[in-house]
Amino acid sequence: MRKNTPWNLLIFLAYAAGVILFLIPRLRDFGVYILIGAVALHITYTFSPRQRAAIKFLNARKSIEKGDVKKAFQFIVQGIALSQEKALANYLLSPFVKSKPHYMKLASMLENELNKNDTPFLRYIIASIYYQTGEMNKVFNLLKDVSKKELDIKTVRLLGAAMMEKGDYENALKLFKRVESKRKAPDSDELNILLGIGLCYADMGNIKKATEYYERVAQFNSSLPGLNKLYEKIHPENE
């Protein structure tokens, strides 16, 4: 399972500190208290709604890989009831070499669920599946009417990519610019937004701006998927 790093790191450090202090005779009592706190923290994390939802999404993935789409659907509905954190989609998605038809069937079942429970989160989950299966027109249709308030960076990544696939670089660029990060150390989502901006500029013929964004992304992650594509657009003579 993909780990929630801050929580796991905190729990690990608490256990480590407790053990170290326990081994020092004059600090042993304090070490016991730290270990008790670490256990309590571990239990709280394990049974938190977010973690329980992650297990549901992971079980959905396993069910899909076994071909049991109906069971996967049930797990996802249960997971959504526990948490609507968009990072949960990472537990569900997997390589589609053998499972693509099952994921497509699952997405269709979830679309029917929109008639009863139409939420931006459910639309995002469905769009994530279609994005991974290459159904970009379906991604666009699912997300194009999401309100501006609900257009967070993860949703913008999917919708912007779908717009680019349709050749609508100008509106994709406007969308990406709305969530562009100015942070000195951008995270993965933010880097992909910068990459999207660079690709839009390249496809619109603004090589100078495309190069600027290429360099911004490359300084943080030169192996980011898609970055080579931007480089080739900037330097077509090297193809």
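This is a predicted model: local features need pLDDT of at least 70, side-chain atom pairs count only at pLDDT 80 or more; totals for chains, interfaces and linings use all residues.

Q: What volume does the largest pocket have, and which residues are the closest to its centre?

A: The general idea is that rolling a probe the size of a water molecule over the atoms shows where empty space is left. Here, the largest pocket has a volume of about 910 Å³. It is lined by 32 residues, of which Tyr131, Arg157, Leu158, Ala161 and Asn192 are the closest to the centre.

Q: Which elements give two or more residues to the lining of the largest pocket?

A: They are α5 (89-92), α7 (120-132), α9 (153-165), α10 (169-178), α11 and α13 (227-234). The largest share, eight residues, comes from α11.

Q: How many residues does α11 have, and what span does it reach?

A: Helix α11 covers residues 188-203, which gives 16 residues. From its first C-alpha to its last it reaches 22 Å, close to the 22 Å expected at 1.5 Å a residue.

Q: What is found at the start of α11, and what follows the helix?

A: At the start of α11, a side-chain oxygen of Asp187 comes to within 3.2 Å of the backbone nitrogen of Asp189. After the helix comes Gly205, whose phi is positive, near 90 degrees.

Q: Why is α11 described as largely enclosed by the rest of the structure?

A: The reasoning rests on burial, for which the cut-off is under 20% relative accessible area. Of the 16 residues of α11, 14 are buried, so the helix is largely enclosed by the rest of the structure.

Q: Is Gly79 buried or exposed?

A: Gly79 has a relative accessible area of 0% and is therefore buried. This residue lies in helix α4 (residues 69-82). Its C-alpha atom is separated by 14 Å from that of Lys62, 17 residues apart along the chain.

Q: How many aromatic pairs are there, and how is a pair described?

A: A pair of aromatic rings is described by the distance of the centres and the angle of the planes. The count in this model comes to two aromatic pairs. In one of them, the rings of Tyr214 and Tyr231 have centres 5.7 Å apart and planes at 50 degrees, so this pair is tilted. Tyr214 belongs to helix α12 (residues 207-218) and Tyr231 to helix α13, so the pair ties together parts that are 17 residues apart in sequence. Tyr231 counts as partly exposed, because its relative accessibility is 31%.

Conventions:
Residues are numbered from 1 along each chain as its sequence is written. Side-chain values use heavy atoms; hydrogens and water are left out. Helices (H or I, at least four residues) and strands (E, at least two) are DSSP runs, numbered from the N terminus. The expected span of a helix is 1.5 Å times one less than its number of residues. Buried means under 20% relative accessible area, exposed over 50%, partly exposed in between (1.4 Å probe, protein chains only). A polar contact is a pair of N or O atoms within 3.5 Å; within protein, one must be able to donate a hydrogen and the other to accept it, and residues adjacent in sequence count only if both atoms are side-chain atoms. On a 1 Å grid over the protein atoms alone, a cavity is a set of points where a 1.4 Å probe fits but cannot get out, and a pocket is an open set with protein on both sides within 12 Å along at least five of seven lines; lining residues have an atom within 4 Å of a point. Grid points are joined across faces, edges and corners, and a volume is the space filled by probe spheres set on the points. Rings of Phe, Tyr and Trp (its six-membered ring) pair if their centres lie within 6.5 Å; planes under 30 degrees apart count as stacked, over 60 as edge-to-face and the rest as tilted.
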